Amino acid sequence: MTRQTVATTDGVSLTVDVHSEDGPTVVLVHGYPDTSRVWDEVVALLVGRFRVVTYDVRGAGDSGVPDSRDGYRFEQLAADLRTVIEAVSPDGRAHVVGHDWGGIQGFEAATMPEMADVMASFTCIGGGSFDHAGRLLYRHLSPSRHPLRGLRAVRKQFTRSWYILGFQLPVLPEAIWNSGLAARIKNLLEAVEPREGHPAETFEQDGINGIELYRANLGRVFRPRRDHVHPPTQVILGDKDPFASVELFEELPELAPNAWLRVVHGGHWLPRTHPGLLANAITELVEHVEHVEGADPAPELERAAVDRHDRDLPFHGKVAVVTGAGNGIGRATAIALAERGADIVVVDLDEAAGNRTATFVRHLGVRAGVHVVDVSDASAMEALAKTVLEEHGAPDIVVNSAGIGITGSFLDTRPGDWERILGVNLWGVIHGGRLFAQQMVDAGRPGHIVNLSSGLGYTPARDLSAYATTKAAVLMLSEVQRNELADHGIGVSAICPGIVDTGITDRTAHVGVDDEEGDRRRRMTSELYRRRSYGPEKVAAAIVDAVLHDRAVVPVTPEARFGRILSRLSPGLNRALARTDILGR
Amino acid sequence: MRETSASSASPDSRARSASRPLLDSDLDGFRSLQQLAYECAEAVAATLEPGVTEIEAARAQRDWMRDHGVTDFFHLPFAWFGDRTALRWRNPLRFFPTNRRLTDGMPFILDIAPIRDGFTADIGYASRLGDNEVHQQLLDDLEAHRALILDGVRSRATFRDVYRSVDRLAARQGYDVRHKAYPGAVIAHQVGRVGDSPPRFVLGFGLKGLGLLTRTAAESIPAGWNPLWNGTKLSDHAPPPGLWAVEPHLAFKGVGAKFEEILVVTTDDAFWLDDDLPHVRRWSSTPAVASA
């Protein structure tokens, strides 16, 4: 690392560190109240890939302090950025990355024509544009909008930014800082493991100096402009960020011709908590901008493009893996998710059935790929996961719906029967959960896993020992997964459909009886399920609801709900009912 | 000689010809009129281009028929464009042609039912403008329904059971059964010989056709069978001899397709009146795709 001091246009000196010298220049701009040391982990990962540069902004860390409030205005901050880039970049351009206030001032610079040839790209992390915040305010409070909905969106952002209003008062800010805010920020920061350099030794003084950033610039929120954002721009936001919300970026598609928005599971200090993820995201954008005519952007970047899909759909830009998607509940779920904007990875053992689902899915205006995979086969599932990662990145939604049925008395159920049904119904769910949850965790993706259990997961129905056992196992597996994966922002739902006419009864094996009796039973159960006439579309709707509202266990049909209640209120009665021999002998 | 008789209906003074046993020569009459109707559909379909409305397409079918000597109809020609091919509406008057304009990629359905020399035909022709992957899949999948219906009737399954087997196959294939939107939710209705009174229509349906169905129903329902083939108890009977215009109509979301043609049911067998029809020719020229 080489350190230099650069004098900027108004004479304030900035401390600039160049960490490595290879490749395109990447300048990292820290926020408030941090210093350039907040980037240490990210820098370590980017070194070697790029010419990595950090600096302390005016008023923070080792840089100088301007003597008047005007010295903190956006124009001056942009001039600082330009000065730094000109000092360190051989070609006079840099990919700018800003966190928090670094993102706010970066957005401002990105709208200035004189910065257009200096900023090769811009990555904004946990920050946003004052213009966008102001326009959010006006847009949602204008009388033409639904008043409550507008207030909600505004409240969501502005309860995150209460303190900036307080900063406008003449003396109070220092008092606020000293009394409550410093402590609150320190609290938030403590969720991030403190380490040498962060929070900085200059934290207290930086906090007070930096209040001028707000005082000098906040007027913009009330006089927002609608300027175009010039460089290719990506926004990375933690879903638990207490300061910035995704509503801030509603207008991004119109203002930035080339923009990406990634929401990851995390809080505000992503450079500390998710350095690997940020390093990859920065690398993907830099490589996309630097290389490549005609080359495809990395799949994760491509998915984040804000102009993709219809933004009013809840799953737009998301990727869902659905196993058993060739038939029944799997197909209906694939279609329901596709209708709401998700691209679908169709997984089925039956290629023709999978292709049919993909045809329907594509008709709905999203993308679909078909993968012929036996979900019980560990190595085949690993290969599937690898392909999905390469083609799309980690999925947002995984629906483990592939399942088979076996009926027959426990004594007639052979080890081979057990192995087959455990393989599909349980191991399939284990593989799907294990492999894709790991991808979600690695990508910081707040995703959702849906496992198809059954009303038989809590109903000890005779002649269904194998099937009910696998479904009970899936129910428990889902509950445990849910408890563990909550730490990573991943929801897990177990769906217990009940009697649903999916076609599974036509393919159910009846063990311990001859072929003729097996056929008779198949016809009988199919007829029962047909008469029940509860279609898979309703289960798909319940699955969509479970994903949107993060439901834990969802019994779907009335009999499944009744059974769930009965199994708790009166296990004895439930047991007695489940002893009834509905197949006849 | 093959006799296909709907003989439970007694002779009727106004349309005596309608109730006598059908002879091979009669079948020739039905067959050539059905051919003419499909010719009409193909000819009109070939002229459809972006911007044409349903009303214009319906009128074009009527004009083409008039130019070929047909002035009477079982029902006036229908035309459905775009998502109207899926027949998803509450108001039954939406059945009739509208000012919906055809655009690229849109499916469409033409439905013509001419009457000539006492013979009737009722055909449905599904096609599209440009590419539509789901529509192609639908057209391919109708082949299995044509086979299923014939097999069901030949095995003497009840009409209701055949109706339900179509429901099941459609569900497996991933479609909604849209003939449920037809009056009476019929998959088929009886056709036959009619008299030669002047053409008259009520809401687009010819009085002759309505009369034929009403007269038949009045006698057949007490006798235990229904001239409207649907999924109700009234259709829970063995296949009654006669001519049936069979029209399975399937849809995925806003994309619908059907075919409609005459099935001849005899006392112990059944056959399609004609296998030389556009959809059948297309299926036999392309290998069958796997069904659901």
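This is a predicted model: local features need pLDDT of at least 70, side-chain atom pairs count only at pLDDT 80 or more; totals for chains, interfaces and linings use all residues.
Let me begin with a proline: Pro199(A) sits in the loop between α7 (172-191) and α8 (203-217) of chain A, where helices (H or I, at least four residues) and strands (E, at least two) are DSSP runs numbered from the N terminus. The peptide bond that leads from His198(A) into Pro199(A) is cis, with omega near 0 degrees. A cis bond also joins Tyr32(A) to Pro33(A), here with omega near -10 degrees, and Pro33(A) belongs to the loop between β3 (25-29) and α1 (40-46) of chain A.

Residues are numbered from 1 along each chain as its sequence is written, and chains are lettered from A and ligands numbered from 1 in the order in which they are written.

Now to chain A as a whole. Chain A has 22 helices and 17 strands, and of its 585 residues 50% count as buried, buried being 20 or more other C-beta atoms within 10 Å of a residue's own, exposed 12 or fewer, and partly exposed in between, with C-beta atoms placed from the backbone. Among the contacts in chain A with a separation of 6 or more, 75% are between residues 24 or more positions apart, a contact being two residues whose C-beta atoms, placed from the backbone, lie within 7 Å.

Chain A is divided into domain 1 (2-304) and domain 2 (319-578), with bounds that come from an automatic or database domain assignment. Where the two domains meet, 10 residues of domain 1 of chain A are in contact with 10 residues of domain 2 of chain A. On the domain 1 side, β8 (259-264) and α13 (299-304) of chain A each supply at least two residues, and the largest share, three residues, comes from α13(A). That side divides into four nonpolar, three polar and three charged residues; Ala, Val, Leu, Ile, Met, Phe, Trp, Tyr, Cys and Pro count as nonpolar, Asp, Glu, Lys and Arg as charged, and the others, Gly among them, as polar.

What does β9(A) pair with in the parallel sense over five bridges? The partner is strand β10 (residues 343-348) of chain A, pairing here meaning that DSSP finds at least two bridges between two strands. Within that pair, Val319(A) stands opposite Asp343(A) in β10(A). The chain passes from β9(A) through helix α14 (residues 328-339) of chain A to β10(A) in a right-handed β-α-β crossover, that is, with the strands pointing away from the viewer, the path from the first strand over the helix to the second runs clockwise. β9(A) also pairs in the parallel sense, over four bridges, with strand β12 (residues 397-400) of chain A, and there Val322(A) stands opposite Val399(A).

Let me turn to the core. The largest nonpolar core has 227 residues, of which Val26(A), Ile344(A), Val346(A), Val361(A), Ile495(A) and Ile543(A) touch the most other members; such a core is a set of buried Ala, Val, Leu, Ile, Met, Phe, Trp, Tyr and Cys residues joined through C-beta atoms within 7 Å. The largest share of this core, nine residues, is supplied by helix α2 (residues 24-47) of chain B, while domain 1 and domain 2 of chain A each give at least three residues. Leaving aside its neighbours within four places in sequence, Ile495(A) is in contact with nearby chain segments including Val450(A), Leu452(A), Val539(A) and Ile543(A).

As for the two chains, eight residues of chain B are in contact with nine residues of chain A. On the chain B side, the largest share, three residues, comes from helix α4 (residues 133-154) of chain B, and that side divides into four nonpolar, two polar and two charged residues.

Asp100(A), in the loop between β5 (94-99) and α3 (101-110) of chain A, has a phi near 55 degrees, a positive value in a residue other than glycine, and Asp100(A) counts as buried because 26 other C-beta atoms lie within 10 Å. Ala185(B), in the loop between β5 (176-177) and β6 (188-191) of chain B, also has a positive phi, of about 55 degrees, although it is not a glycine, but with 16 other C-beta atoms within 10 Å Ala185(B) is partly exposed.
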